[in-house]
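Good morning, and thank you for the time. I would like to take the group through one structure, beginning with a question about a single side chain.

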Amino acid sequence: MQKRRMGVFTYLFNFWCIAWLIIIFVALFPFIFACIKIKRLNRYGTKLTNIWADVFFLISGMPVQIEHRFKPDANNTYVFVANHFSYLDVAVGMKVVRNYFSYMGKSSVKNIPLLGYMFAKLHIQVDRSDKESRSKSMMRSKRALDTGRSLFIMPEGGIISHEIPKMHQPFKDGAFLLAIGSKVPIVPITFLNLYEIMPDKTIFWGLPKVIVHEPIDTSIYSKENLEELKTRVHEVIQNELDAYKNGN
């Protein structure tokens, strides 16, 4: 993918985005902190991150364009699975997914001031290089699903594709094993153009485009045909990425 040049507008736009990202987060953090500390309020911490994303994308002038081929029921539990090409993916995910949910993501996020604390307490962190960390994360994720909390997982295992917008293969097994084990539907999500808006650590103005696909019933799958499920989810997401790239 060809590297884009930064002009004056882009520098100013990035300053604007970073400033408002911090302002909104700091304004909401006391309420998020209360939701973290008071167990019965935990689920409202997720709602506050939804509000953070709503306000940020509105003020930044980048309203997220969501095509809902399926509207998730707020009272149901799902495993949301998406492609991962950009640092913007997590923020857009907070805008798109309105269910009570946890991200399952890299433990390195916890090192970011304030955001890292929130992520560690509201979401599920995993150090993929540590077998014990992976095992604990899977157990926490299973408990979350069994208590009615959805999960959002990007099964490529990081921003590691060398041929964006082709997803890295093979997918990690975790999201699919969890969905099968808890008999929870998988909802594929395609982030169509976030890698164009934020190809590295620079944000270029654009309208984020997202497709929320029909759920995939996991009750007909088991560990024995796990690869079939992974292939099916990959095809749903990748077909839309290919169509977008080809202008269809």
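Is Arg-69 buried, partly exposed or exposed? Arg-69 is partly exposed, because its relative accessible area is 34%; buried means under 20% relative accessible area, exposed means over 50%, and partly exposed lies in between, with a 1.4 Å probe and protein chains only.

Before I continue, two remarks on the basis of these values. This is a predicted model, in which local features need pLDDT of at least 70 and side-chain atom pairs count only at pLDDT 80 or more, while totals for chains, interfaces and linings use all residues. Residues are numbered from 1 along each chain as its sequence is written, and side-chain values use heavy atoms, with hydrogens and water left out.

Let me stay with the charged pairs. Arg-69 forms a salt bridge with Glu-67, and the closest N and O atoms are 2.8 Å apart. A salt bridge here is a side-chain nitrogen of Lys or Arg within 4 Å of a carboxyl oxygen of Asp or Glu. Glu-67 is itself partly exposed, at 38% relative accessible area. The structure holds 9 salt bridges.

Another of them joins Lys-166 and Asp-242, at 3.2 Å from N to O. Lys-166 lies in the loop between strand E5 (150-153) and H6, whereas Asp-242 lies in helix H8, so this pair ties together parts that are 76 residues apart in sequence. Helices (H or I, at least four residues) and strands (E, at least two) are DSSP runs, numbered from the N terminus.

Glu-227 and Lys-230 meet at 3.2 Å, N to O, and both lie in H8, 3 residues apart, about one turn of the helix. An α-helix has 3.6 residues a turn, so residues three or four places apart point the same way. Glu-227 is partly exposed at 47% relative accessibility, but Lys-230 is buried, with a relative accessible area of 6%. Elsewhere, salt bridges that share partners join Asp-54, Lys-95 and Arg-98 into one network.

What of helix H8 as a whole? Its 20 residues, 226-245, should span 28 Å at 1.5 Å a residue, and the end C-alpha atoms are 29 Å apart, which agrees; the expected span is 1.5 Å times one less than the number of residues. Among the buried residues of H8 are Leu-226, Leu-229, Val-233, Ile-237 and Leu-241. The cover over the buried residues of H8 includes strand E2 (79-82), helix H6 (174-182), E6 and E7. After H8 comes Gly-247, with a positive phi near 80 degrees.

I turn now to the sheet. In what order do its 7 strands run? The order is E1-E7-E6-E2-E5-E3-E4, in an open sheet with mixed pairing; two strands pair if DSSP finds at least two bridges between them. Strand E1 (65-68) and strand E4 (124-126) stand at the edges with a single partner strand each, so one side of each has no neighbour in the sheet. E6 (residues 186-191) and E7 (residues 209-212) pair in the antiparallel sense over 3 bridges, and Ile-189 has Val-212 in E7 as its bridge partner.

Finally, the cysteines. Cys-17 is buried at 2% relative accessibility, and Cys-35 is buried at 8%. With a disulfide taken as a pair of cysteine sulfur atoms within 2.5 Å, the count comes to 0 disulfides.

Notes:
Contact = heavy atoms within 4.5 Å.
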